[in-house]
Amino acid sequence: MHKARPTIGAVLNPLAFLASRWTPSSRTVRRAAFAALLMSVAIVVTGGAVRLTGSGLGCDTWPKCTGDSLIVTQEQGFHGAVEFGNRMLTYVLCAAVGWSILAARSAKPWRRSLTRLGWLQFALVMGNAVLGGITVLTGLNPYSVAGHFLLATSLITVTTVTWQRTAEGDSAPRPRVPGPVHRLAWALVAATLVLIAAGTVVTGSGPHAGDSSEIKRMPFDWAATAHVHAVAAWVVCALALAVWLVLRVADAPADTRARARNLLVVLLAQGAVGYVQYFTHVPEVLVAVHMLGSCLVWISVVRVVLSLRERPVERAGIPAQGDSQLSSV
């Protein structure tokens, strides 16, 4: 009877069973969280590659690749391989998120907040997989495509927060800068969300439908939406510059000022790519770079906001904010 108990326990609660036999270091937990963040960006970029190569319906149904095959067939050619490859990358993303959950659950002491964030990541991945299937079944409906991207951005938000939380304690957050700076930073967040949403409209009404056939586009003038997107970008840049200047005046912590500076650099690079792609008639390569830049801009904004508060360490085994070699990256 005693020999059977560990097996029964492993079946009933495999995470607790693993945690009783493995204690990852704080560095391992942080690396697992970063792997999930990295893969959440990779899935967006490869999803863009599917769209830009016209492979959005390379697998013409879901969850199978064809009506009779779970995997891509030779008849589907290059487009089928690209679409199927992106679907398979979802499993790599799931593995990264799973590693993050396992590492968080097995760490000593157990931090339930990190585990919950990991499960939230998993829920977002599954939700976006279903929405991706709906996108295929609706023939790449542009509104479904936009929702697919926005849900992926939500995943990037959660993985970024999780990565940050691995370098903090579990106590209540306390501010590191005055209240008006927080309000300015949240205005930056709101403006960036508008910018990202406007970007999905530009994509949804633009020339890259995701497939070589005639696919319905959003009923907006592409040039007009591109101009609205550009105005939103300038607002974000102005707010980011204001945040950076205010942080310097307020003598904010060095890591916070560094993140604000890095955000400005990313915004300038993203703006340059955006204008070049507009005046060069939206070449596929630059669109892909712009999609990557969108992810980096949002991650940078989230990290600036997170650096405006701290969670002091109250328990052993949890690195202090700034102690980890990766926390300033």
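A salt bridge here is a side-chain nitrogen of Lys or Arg within 4 Å of a carboxyl oxygen of Asp or Glu. By that rule the whole structure holds nine salt bridges. The model is predicted, so local features need pLDDT of at least 70 and side-chain atom pairs count only at pLDDT 80 or more, while totals for chains, interfaces and linings use all residues. Residues are numbered from 1 along each chain as its sequence is written, and side-chain values use heavy atoms, with hydrogens and water left out.

**Whole chain**

Colour by secondary structure. You get ten helices and two strands. These are DSSP runs numbered from the N terminus: helices are H or I with at least four residues, strands are E with at least two. Buried residues make up 46% of the 329 in the chain. Buried means under 20% relative accessible area, exposed over 50%, partly exposed in between, with a 1.4 Å probe and protein chains only.

Select Arg174 and Glu310. Their side chains form a salt bridge, 2.8 Å from N to O. Arg174 lies in strand β1 (174-175) and Glu310 in strand β2 (309-310), so the pair ties together parts 136 residues apart in sequence. Arg176 sits in the loop between β1 and α7 (179-205), 134 residues from Glu310. Arg176 is partly exposed, at 22%.

**The network**

Next, select Arg111, Arg165, Glu168, Asp170, Arg309 and Arg311. Salt bridges link them in a network. Zoom in on Glu168 and Arg165: the closest N and O atoms are 3.5 Å apart. Glu168 is buried, at 0% relative accessibility. Arg165 is buried too, at 6%.

**The cavity**

Which residues line the largest cavity? Select Phe149, Thr153, Ile156, Ile196, Ser294, Cys295 and Trp298. A cavity is a set of points on a 1 Å grid over the protein atoms alone where a 1.4 Å probe fits but cannot get out; lining residues have an atom within 4 Å of a point. The space inside is about 40 Å³, the volume being that filled by probe spheres set on the points, which are joined across faces, edges and corners. Helices α6 (142-165) and α10 each supply at least two lining residues.

**Along α10**

Finish at Val285, in helix α10 (284-306). Val285 counts as exposed, at 63% relative accessibility.

Conventions. 1 Å grid on protein atoms, 1.4 Å probe; cavity = no way out; pocket = protein on both sides within 12 Å on 5 of 7 lines; lining within 4 Å.
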